[in-house]
Amino acid sequence: MGKRVIAIGLLAALALVILSPLASAFPDGLERVAEDLGFIDRAQEPAYQTLPDYTVPGVSDEALSTIMAGVIGALVVFLAAWGLGAVVRRRDGSEGTPKPLSPRKPVS
Amino acid sequence: MHIPDGFLSAPVAASSWVLSAGGIGYAARRAGRELGEKQIPMMGVAGAFIFAAQMLNFTVAGGTSGHLLGGALAAIVLGPWQGALVLTSVLAVQALLFQDGGLLALGANVFNMALVGVLTAYVTYRFGRRLLGENRLGSLVSTFAAAWLSVVVASLVAALELAASGAYSAGVVFTTMGGVHVLVGIGEGIITTAVVAFLLGTRPDLVTLQPARA
């Protein structure tokens, strides 16, 4: 897969992040159910806060704060998923050649 | 449908961690066997795209929103095992960095969305294509069905965990969670089908589960 596909994919992700301040602020399906059925209060405060509610603390402009948090998150996920792929491939121990998917045919 | 900490009882949170760890371990073995060098960056791109798309909540009805989960998209574009790993990356970053979904509940969230969501989509897509034919239309209809069902089934499993945790009676939490996500799933279906149609039209080679005759 070429660098061009990576660039276009990341640009598409960036476009979505830039649109994210326009996202619906209504509670999602689970939150709505938890509110309606009255168990939303069971939710505990997180043990720590880094980028709470997809914002960067200290950035007062709400839209900018959301976009910055989104860019950070998308890049971290990009590296994490890539890294995970690299790790599982290496751990397989196949030394660069994927094992055949179909039953091996005997080599005569 | 990211479950925060506090909603689940300790036994439910712990057992879903165990199930998820086993499931992801299996997915990692399968993905490692099937993964080509060139597909690894694609996992990163898909993860970034799904993370970004998950930020875009859309209004469904009655002051409720939903957003893409991406399980079907990941399963169809990357295959189920790579897809499960990508969704796990997204969920882990959301929990660790954004406090979206609890840390104790991460096992359940991975189980619901990365395992149940992705595998439901994969099975539905395969079944749909067998039923509808190995062509573009059959593939897109199957994509929509896979995306919709993956959200509904994941929400029902979440409901089961909530009921088992004593959050509310099983029947009520089952019907309300299912009822909302029948609607959220339509959004999932539209977005997933649009993205898969775009990829099949431009770069079908990037779609792992592409129809035989695109």
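Predicted model: local features only at pLDDT ≥ 70, side-chain atom pairs only at ≥ 80, totals over all residues.

**Stop 1: chain B**

Select chain B and colour it by secondary structure. Trace the chain from the N terminus and the elements come in the order α-α-β-β-α-α-α-α-α.

How does the radius of gyration of chain B sit with that of a compact globule? A compact globule of 214 residues would come out near 17 Å, and chain B has 17 Å, so the two agree. Of the 214 residues in chain B, 64% are buried. Take the contacts in chain B between residues at least 6 apart in sequence: 71% of these join residues at least 24 apart.

**Stop 2: chain A**

Hide chain B for a moment and select chain A. Here there are 3 helices and 0 strands, so reading along the sequence simply gives α-α-α. Chain A has 108 residues, and buried ones make up 27% of them. Among its contacts with a separation of 6 or more, 48% are between residues 24 or more positions apart.

**Stop 3: where the chains touch**

Bring chain B back and show both chains together. In all, 53 residues of chain A are in contact with 59 residues of chain B. On the chain A side, the elements that give two or more residues are α1 (3-19), α2 (29-37) and α3 (62-91).

Is A:Leu84 buried or exposed? It has 23 C-beta neighbours inside 10 Å, so A:Leu84 counts as buried.

**Stop 4: two helices in chain B**

Next, select residues 10-34 and 106-132 of chain B, which are helices α1 and α5. They pack with their axes 7 Å apart, at an angle of about 45 degrees. That angle is why α1(B) and α5(B) are described as oblique to each other. The crossing of α1(B) past α5(B) is left-handed.

- from α1(B): B:Ala13, B:Ser16, B:Trp17, B:Leu19, B:Ser20, B:Gly23 and B:Ile24
- from α5(B): B:Gly107, B:Ala108, B:Val110, B:Phe111 and B:Leu115

By class, the residues of this contact are 8 nonpolar and 4 polar, with no charged ones.

**Stop 5: a loop residue**

Finish at B:Glu134, in the loop between α5 and α6 (136-164) of chain B. With 13 other C-beta atoms within 10 Å, B:Glu134 is partly exposed. Now draw a distance line from its C-alpha to that of B:Trp17, one of the residues you showed on α1(B). How far apart are B:Glu134 and B:Trp17 in sequence and in space? They are 117 residues apart in sequence, and 37 Å apart in space from C-alpha to C-alpha.

Note on methods
Residues numbered from 1 in each chain as written. Chains lettered and ligands numbered in written order. Axes fitted to C-alpha atoms, helices over the stretch in contact; angles between N-to-C directions. Helix = DSSP H or I, 4+ residues; strand = E, 2+ residues; numbered from the N terminus. Parallel < 35°, antiparallel > 145°, perpendicular 65-115°, else oblique. Left-handed = near helix turned anticlockwise from the far one by under 90°. Contact = placed C-beta atoms within 7 Å. Nonpolar A, V, L, I, M, F, W, Y, C, P; charged D, E, K, R; others polar. Buried ≥ 20, exposed ≤ 12 C-beta atoms within 10 Å, placed from the backbone. Rg over C-alpha atoms; globule rule 2.2 N^0.38 Å.
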